[in-house]
Amino acid sequence: MIQICRAEDGESFQVSATLRDIERKGSLEHFIHQEIGVDQDAILAYLSDGTRLRTDNVRELVGAQDQTIYVFNKHYLDVEFPEVLKELRVEPPSQLPIEEVLSATPPYKPSHLASQYLRNAHVYLDYITHTLATLRRQHEAIRIACSSLDLNTLDITDVFDGIAVTASRDLARQASLLSFVDADLDIINRVDVHVEFMSPAMRKAIEGGERPRVLGTYVARDRMKLVADGCSRIHNDLRTQFSESEKAVGRLTAGAEVVRSTVTNIKIIEAAEASGRRFHDALDKASEIAAALESPATNHDALMQELKQLDGVLRHEVEVMTRAKNDYTEQCIGALRRISTLNVDLVQLPTTLSELQGKFRAKTNFLHIQRLHNMLYCYGATVIEIVRRKEFSRFFYQRAQSILEVMAKLSANERKRRQVYRGEVHGQLPFDTRGMDDPVPTIDFSPSGSKDWAYSLEREDVDAFLQVVQDSEEYARASSDPAILNSLQEARSALEKLVQKMDNLEAGFDRIAERSLLSASRLSASRRKLTEADEMAFQELSEQLRTAEETRIHLEQNMQQERVKFQGEIHRLTKDIQNAELTAQSERERADALERELHQARAQIESEVSVRCILERRNTELAQDVEGQRQERANALGDATEQASVADALRQELAQVRAQAEEAKALEAKNAAKVNQLLEEQTG
């Protein structure tokens, strides 16, 4: 049993179909169109877990938590908002007031009136129950849409955050380079190039009175200006595109936050549920009153008045529920339309970010102005490097020569000791000793580098260059150009660090040589100078070291035992986890089977409930018919009783008339007898 839910109004459709039935239709959209009537081109289908359902992945419906498909109608996103609300607006069920029914029909008994009230109440109950169910399905649908939006937004923001760090750094670097272009052009025109870097012909020309070369000689100022203008346009374009992307991502994030707050705002649903509870309370009271009206010993007038008030309460809660339904539909449609608007940015942003990232990675003319900005530092670093290498070669050869002299003295002493042994001991044993005529170990040094330098630059040239930089700083302070001053200070700071490293070259070389070559001999000499107290201290330290070593070994053994124990425990826990996973898998399968049975039971219950509602309505109608027949029979019985009373009265009157007639006949006979007697007396 598949349940298809319309997201916009929460209406649900139970469909007796399987995956095979859907595949026979050719497409999921065609199947949904035939079942609920939504246009195929306007269908967006999702599962309860937020998975987008299409024809190509329709088999995921089999493994879904439930068999519910939420269908979103894109048609409602294109139509004007008021028209959508007008189309989806619901009206409460119209039931005539009982007073109007009474005015059009003969008088009813209180019990019959109560049944009329209960019949209306059950109609309202069906409406309340159905409306609450649609509200919950609407909330679940927009929750799914919001979850999908949040996941896509999170992916976009993660990508943008990765790009934004690099982009911001590159934009700042580009802006800095562009701001330094004029300053860098002025600076390189104030720095002379050392004649050592020039060709012999240029040296002769300078010696002949030609103007010395400066760094600016090698840079075409007009061409560099054109390059800077082009870089400025590229920078502005990149900054604008990055700003627009940043605004789009911010707009997307803010919009997703608004949608999320809208989805989490369930005050309308809570108010509807509270209205439903009030409705059920009033319905229970009305049922109790209707049952009490069956008893003849109750105060019918008071109960009927209370029942009338409860009918008003039920009608009011129906109106409240209808307003809640329409308000929440408006809230859902607004959220869905906002999600649709944000999806436009979701579709465009990946392409925009990819293009932006490609532009930042592309090679541009910023390399030229980068070289221009670094030209002063590169020239100074080259001068310093030439001098540093010469200093390193001097230190290296000097220290190597010192080491060779020390090793030569050691070899000479060893040679003397061997000569003494040969003269005093060698050859006096009755057997031959092999290897005692080996040569004395010696060491030789063959330098690989050349001592002929291409440049004659010395430390004085470095100092002279730093003085030029300092003079340029003074000029920059006098000219009140902060860009020139900042560029010069930046270059001077970096160059001073290089000079400091060069000055520490000898100390660093000596420190390395002492640590690697002379540490063992110095340690031996220092040990020979130790006092007895130091020896005792060393013995104590050795004992402590031995104890610590034993303790360490003991701890390692304990740790090894614990490691073996823990590994066994891990192995056991791994088996338990595997068994638990197998059990969980079987339990999940059992839970899935039970869930399917539960869905079937729910569907059966819903069908039984609908049958029960139909039977209840039929029962109510039959009860109304019986009550009507009983009322007619009571009326007929009253009429018959009244007619019997009239007949009795007529019988009594007839008896009286007959008695009077008999009396009249008797009197007439008596009078006739008297007349006859008188006549006889007269004749006699």
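Residues are numbered from 1 along each chain as its sequence is written. In this predicted model, local features need pLDDT of at least 70, side-chain atom pairs count only at pLDDT 80 or more, and totals for chains, interfaces and linings use all residues, while side-chain values use heavy atoms, leaving out hydrogens and water.

Me: Which element has the highest mean pLDDT?
Reply: pLDDT is the predictor's confidence in each residue, from 0 to 100. The protein averages 82, and 90% of the residues score at least 70. Among the elements, helix α5 (residues 98-104) has the lowest mean, 52. The highest mean, 90, belongs to helix α9 (residues 221-264).

Me: In what order do the five strands of the open sheet stand?
Reply: Helices (H or I, at least four residues) and strands (E, at least two) are DSSP runs, numbered from the N terminus. Two strands pair if DSSP finds at least two bridges between them. The pairing here is mixed, and the order is β2-β1-β5-β3-β4.

Me: Why is one side of β2 and of β4 left without a neighbour in the sheet?
Reply: Strands of a sheet pair through backbone hydrogen bonds, either parallel or antiparallel. β2 (12-15) and β4 (52-53) stand at the edges, so one side of each has no neighbour in the sheet. The reason is that each has a single partner strand.

Me: Which residue of β2 is the bridge partner of isoleucine 2?
Reply: β1 (residues 2-6) and β2 run antiparallel, joined by four bridges. They form a hairpin with five residues between them. Glycine 10, in the turn, has a positive phi of about 75°. The bridge partner of isoleucine 2 is valine 15.

Me: Which residue in β5 stands opposite isoleucine 4?
Reply: β1 and β5 run parallel, and four bridges join them. Opposite isoleucine 4 stands isoleucine 69.

Me: How many of the five residues of β1 are buried?
Reply: Buried means under 20% relative accessible area, exposed over 50%, and partly exposed in between (1.4 Å probe, protein chains only). β1 is largely enclosed by the rest of the structure, because the buried count is four.

Me: At about what angle does helix α2 run to β3?
Reply: Axes are lines fitted to C-alpha atoms, for helices over the stretch in contact, and angles run from 0 to 180 degrees between N-to-C directions. Contact means heavy atoms within 4.5 Å. Helix α2 (residues 28-36) lies across β1, β2, β3 (43-46), β4 and β5 (68-73). Its angle to β3 is about 100°.

Me: Are α7 and α9 roughly parallel or roughly antiparallel?
Reply: Angles under 35 degrees count as roughly parallel, over 145 as roughly antiparallel, 65 to 115 as roughly perpendicular and the rest as oblique. The axes of α7 (residues 181-188) and α9 come within 11 Å and cross at roughly 160°. That makes the two helices roughly antiparallel.

Me: Is the crossing of α13 and α14 left-handed or right-handed?
Reply: A crossing is left-handed if the near helix is turned anticlockwise from the far one by less than a right angle, and right-handed if clockwise. α13 (residues 459-479) and α14 (residues 482-503) pack at an angle of about 160°, with their axes 10 Å apart. α13 passes α14 in a crossing that is left-handed.
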